[in-house]
Amino acid sequence: MRTILSRWGHLLAILCIPLQGLIYMFLGSTAGPELFYNYAWIDTKIPFIKEFIIPYVSWMPILYLSFLYLGLTNKPLFWRTLIIYNVGVMAANVCFVVFPSYVPRPEVTGTDLSSMLVQFIYSNDAPVNCFPSVHCLTSYMLIIILNRQMNVKPTVRIFASIWLWLIIASTVFVKQHSLLDVVGGIAFAEAAYWIVHIFANRLAQTRKKSEQSLSATPPSQNA
């Protein structure tokens, strides 16, 4: 058991995802009546396309599977990505408190699979705390890691990137978010990535200089 924990125990850190989800749900349930109407003229011109609910609901499984894959194949990148995730999402939570927003939703009455999935999402996720979109934040974070930090086959990179962009697009086509929410999610992901990236590089440089200074110090000689 100790061997298993020492080798795979870091995967338990993935539990921070449902923890962040609980925080999001709590903030949504405590949102007051004074909400910002986060919907611009251009958003009214974007059609509601119920079929985009398929990539929309694939977001959570992809997020878990991505972290599981990183945890099994690249432990340092797993930890860095997890830190980026938490920095970005916690910053989004702060924004939900100081800038609570909502978007209008259409009435969906169909009985086909796509319509029922939309109705399920609408009934379980209140249209509040929309800026920035966590769907977009985390999906774009995975796009960053995939294209800047991972060495994978071009076909895998292209297919995965396209699907992640479909998830981002789905947030406006199923009327869960506005374009401002999408831009905010991407901006928060970029900011979180660079904050963690710069901090990690500086920490590595400091550690390297410390090791060099220790190795350069001559051993003490006893008289």
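The model is predicted.

**Second largest pocket.** I began with this one. Its volume is about 400 Å³. I found 15 lining residues, with Ile62, Ser66, Leu146, Ala160 and Leu164 nearest the centre. Helices α5, α8 and α9 (154–173) each supply at least two residues of this lining. I sorted the lining by class and got 14 nonpolar, one polar and no charged residues.

**Helix pair.** I then turned to α5 and α8. The axes of α5 (residues 59–73) and α8 (residues 134–148) come within 11 Å and cross at roughly 35°. The crossing is left-handed. Which residues of α5 meet α8? I noted Trp59, Ile62, Leu63, Ser66 and Phe67. On the α8 side I noted Val134, His135, Thr138, Ser139, Met141 and Leu142. The residues of this contact divide into seven nonpolar, four polar and no charged.

**Largest pocket.** Last, I looked up the largest pocket. Its volume is about 770 Å³. It is lined by 32 residues, and Tyr24, Trp59, Met60, Asp125 and His135 lie nearest its centre. Trp59 and His135 are also on my list for the α5 and α8 contact. Which helix gives the most to the lining of the largest pocket? I found that α2 does, with eight residues. Helices α2 (16–29), α4 (53–57), α5, α6 (75–98), α7 (113–124) and α8 each supply at least two. By class, I recorded 21 nonpolar, nine polar and two charged residues in this lining.

Conventions:
Residues are numbered from 1 along each chain as its sequence is written. This is a predicted model: local features need pLDDT of at least 70, side-chain atom pairs count only at pLDDT 80 or more; totals for chains, interfaces and linings use all residues. Side-chain values use heavy atoms; hydrogens and water are left out. Axes are lines fitted to C-alpha atoms, for helices over the stretch in contact, and angles run from 0 to 180 degrees between N-to-C directions. Helices (H or I, at least four residues) and strands (E, at least two) are DSSP runs, numbered from the N terminus. A crossing is left-handed if the near helix is turned anticlockwise from the far one by less than a right angle, and right-handed if clockwise. Contact means heavy atoms within 4.5 Å. Ala, Val, Leu, Ile, Met, Phe, Trp, Tyr, Cys and Pro count as nonpolar, Asp, Glu, Lys and Arg as charged, and the others, Gly among them, as polar. On a 1 Å grid over the protein atoms alone, a cavity is a set of points where a 1.4 Å probe fits but cannot get out, and a pocket is an open set with protein on both sides within 12 Å along at least five of seven lines; lining residues have an atom within 4 Å of a point. Grid points are joined across faces, edges and corners, and a volume is the space filled by probe spheres set on the points.
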